[in-house]
Amino acid sequence: MPETRPPESTPSESTLTVTTISLSMAELGPENPLPVVAAELNQPYTIGDGVPEELQAAARYGQVPNMFPYRMQDGYTREAAPREVAAVVLENSKLRAVILPGLGGRLWELFDKATGKQLLHTHGAPQLANIALRKAWFAGGLEWNIGTRGHSPSTCDPLHAAIVRTSDGQEILRMWEFERLREVVFQVDMWLPADSDVLYAAMRIRNPNSHDVPMYWWSNAAIPETPRTRVIAPADEAFGSDYATDITRVRPTDYEGIDGTWPVRSPHAADFFFDIDPAEQRWVVAADDDGDGLAMLSTSRLRGKKLFVWGQGQGGQRWQEWLSPGAGPYAEIQAGLARTQFEHLALPAGEHWSWVEAYGNGRLDPETSHGTDWDAAVAHAGARLEELLPNERLEALLPAAVRNADAPPSTMLGLGSGWGAVEKARRRRNGSAWVDESGTPFAEDSVGAEQRPWLELLAGQDFGGAASFVAGADWEELLSAAGTNPEARFHLGTMKHARQDLAEAIAGYREILQDTAVRPATQALARRGLALALFATNEDAEGLPELAAACRLEPASIPLLTEAMTLSIRHGNPAQALELAGRAPEGSAAVGRFRFLTALALARSGRVPEAARILRDGVEIPDLLEGEDALSALWQEVCPDEPVPARYQFGMH
């Protein structure tokens, strides 16, 4: 467990300390070089009974086909090693908060000194796993999710971070970044006044665009799950989802015959989005055996409140152990802009949204909070949280937080990505509006190798290619102006593909491949892109050989190989997958995804004993997708008379 200070050594005043904490953690590894162009996120949600039309409309609005221009973060393993992680500690006589600016700004610990309890699920060995929108994610603490449904693109990235000293002497930890999917700037200001029972966080999202932007935000807290943990919010009903059936209106206290507000009673994974009356104070609280647990309160902008449970099935238990080895079970409570995570709200052109959140120990009376009378439990929790932080006082903090949001940094602590600086340069070039950077500067020294080719293109220099990607009409015009430049034409085709202009993408890829001056690496990506576009237009017979050709051009690329094997099997050619496996670079056999795909291709080719042998020897897939049950399914197929080993059981139903 990360180091915590005992109560007797705590300061009488509020302090902000820059330090490090020791974690055992795998390296993030290199980003996946393959552009994210397939339509893989645009899946409609099935809506069932009792869901209002306005919620259904918000669920249809703002969907995106993929995470382009981001690249995937799947270069990690499960080989953890000790490392020192930069941290900022906010501490007073009541609480100690540990924040990790270099890991998405995660609030990693919230320690209540009176009880000696961690209010967040936290541990010393966070394990990277394929849970986020860009794959890499880790369980624990409290994170900030923006963009679209899922864990944020920045969840494992460093944010820009600074200390801000306000005119009244308060020290604020500020973190900010440019979010590339929605082209907005978000910031998180955190502070802990002396003797305060709660930690504060003020959020601001700014839309500098001349059009409305679909917006999504959920603050997601992992909480310890004890046998007596109960979660309470001021609502009788919720919009429920069990990841297998329609979203419907439910009563959390009577859901499939159980009281779902007790996480340990849920047999499978489930979401409960509490339908809180707009007139009610916005809060959700967890309470353990003693009534202690995290309370999340917010000003009125943050309407949604949620409970997520993994469930008590073998798969849910396995996922928790996979994500937090030895750290015990956990659940999640969350707060968001909309009523559910299936929705986006329209952030108007040129506008900003701000709100304040507060986190502390709810300190409920367990006899009432754990009783059978839900109304009494809600009334009691509401009264206790009003004592913890009166709603009037919380709402009164918002105007000052908005004013402080533009206060300039006093001390810079670290840099995030250089994409904000690139966006500033792009908008300066075309005369578009940009944000006031007084409080959130995007410094030129944040620009790295990923961004530099695009800044050079903006400056009128020749485009020599880039391993990163951009999106938008401005960029397409600049690349089009480069004429016959093959690297520019490749990026143009990729951008069209990402926005699902498949006919233009196919034509562009084919034109590039006729140019003998194109570099082999670019040829490989163009052939791969052509294959994906052909699959999307049901031209499998043409797409499959393009995959094989791409792998021949880049034989050392394991990301390309594993994708080509996956698609070869999916599109009915396991023999090609085995042929590709036979030409794999040395060391590929140790990659879990490669081993699984080889076993799957063998099974699909009728070579069942060989597939079974691989599974019996052991397969571990570091980037196993949340809810992915492929290992269990393949075991049942090739070893039908043997029970599925626990290590392969990840299904949550």
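Predicted model: local features only at pLDDT ≥ 70, side-chain atom pairs only at ≥ 80, totals over all residues.
User: Which residues of H4 are buried?

Analyst: Trp-374, Ala-377, Val-378, His-380, Ala-381, Gly-382, Leu-385 and Leu-388.

User: And Ala-379, buried or exposed?

Analyst: Ala-379 sits in H4, which runs over residues 374–388. Ala-379 is exposed because its relative accessible area is 52%, and exposed means over 50%.

User: How far is Ala-379 from Leu-561?

Analyst: The two are 57 Å apart in space, C-alpha to C-alpha, and 182 residues apart in sequence.

User: How long is H4, end to end?

Analyst: H4 has 15 residues and spans 21 Å from its first C-alpha to its last, close to the expected 21 Å.

User: What caps its N-terminal end?

Analyst: Asp-373 does: a side-chain oxygen of Asp-373 lies 3.2 Å from the backbone nitrogen of Asp-375.

User: Back to S19. How many of its residues are buried?

Analyst: 6 of the 6, so S19 is largely enclosed by the rest of the structure.

User: Which side chains point which way?

Analyst: Arg-282, Val-284 and Ala-286 point one way, while Trp-283, Val-285 and Ala-287 point the other way; all are buried. In a regular strand the side chains alternate between the two faces of the sheet.

User: What does S19 pair with?

Analyst: S15 and S19 are antiparallel over 3 bridges, with Val-231 as the bridge partner of Ala-286. S19 and S20 are also antiparallel, over 4 bridges, and there Val-285 stands opposite Ala-295.

User: What about the turn between S19 and S20?

Analyst: S19 and S20 form a hairpin with 6 residues between them, and Gly-291 in the turn has a positive phi of about 85°.

User: New topic: where is Gln-73?

Analyst: Gln-73 is in the loop between helix H1 (53–60) and strand S2 (81–91). Gln-73 counts as buried because its relative accessible area is 2%, and buried means under 20%.

User: What does its side chain hold on to?

Analyst: A polar contact of 2.8 Å joins the side chains of Gln-73 and Asp-157. Leaving out residues up to four places away in sequence, Gln-73 touches several others, including Leu-28, Glu-31, Arg-134 and Cys-156.

User: How many residues are in the largest nonpolar core?

Analyst: That core has 94 residues, and those with the most contacts inside it are Trp-319, Leu-323, Trp-454, Trp-475 and Leu-615. Helix H15 (residues 592–604) gives the largest share of this core, 8 residues. A second, separate core has 57 residues, among them Trp-144, Ile-146, Leu-159 and Val-250.

User: What does Trp-454 touch?

Analyst: Beyond residues up to four places away in sequence, its contacts include Trp-419, Val-422, Phe-463, Trp-475 and His-491. Two of these, Trp-419 and Val-422, are buried residues of H6.

User: What covers H6?

Analyst: The cover over the buried residues of H6 includes strand S10 (171–179), helix H7 (452–458) and helix H8 (473–480). H6 itself (residues 419–430) has 12 residues and reaches 17 Å, close to the 16 Å expected. Just after H6, Gly-431 takes a positive phi of about 80°.

User: Last one: how many disulfides?

Analyst: The count comes to 0 disulfides. As for individual cysteines, Cys-551 is buried at 8% relative accessible area, and Cys-639 is buried at 2%.

Technical notes. Residues numbered from 1 in each chain as written. Heavy atoms only, no water. Helix = DSSP H or I, 4+ residues; strand = E, 2+ residues; numbered from the N terminus. Expected span 1.5 Å × (residues − 1). Buried < 20%, exposed > 50% of the residue type's maximum accessible area, 1.4 Å probe, protein only. Contact = heavy atoms within 4.5 Å. Polar contact = N/O pair within 3.5 Å; in protein donor to acceptor, adjacent residues only side chain to side chain. Core = buried A, V, L, I, M, F, W, Y, C linked by side-chain atoms within 4.5 Å. Disulfide = S-S within 2.5 Å. Pairing = 2+ DSSP bridges.
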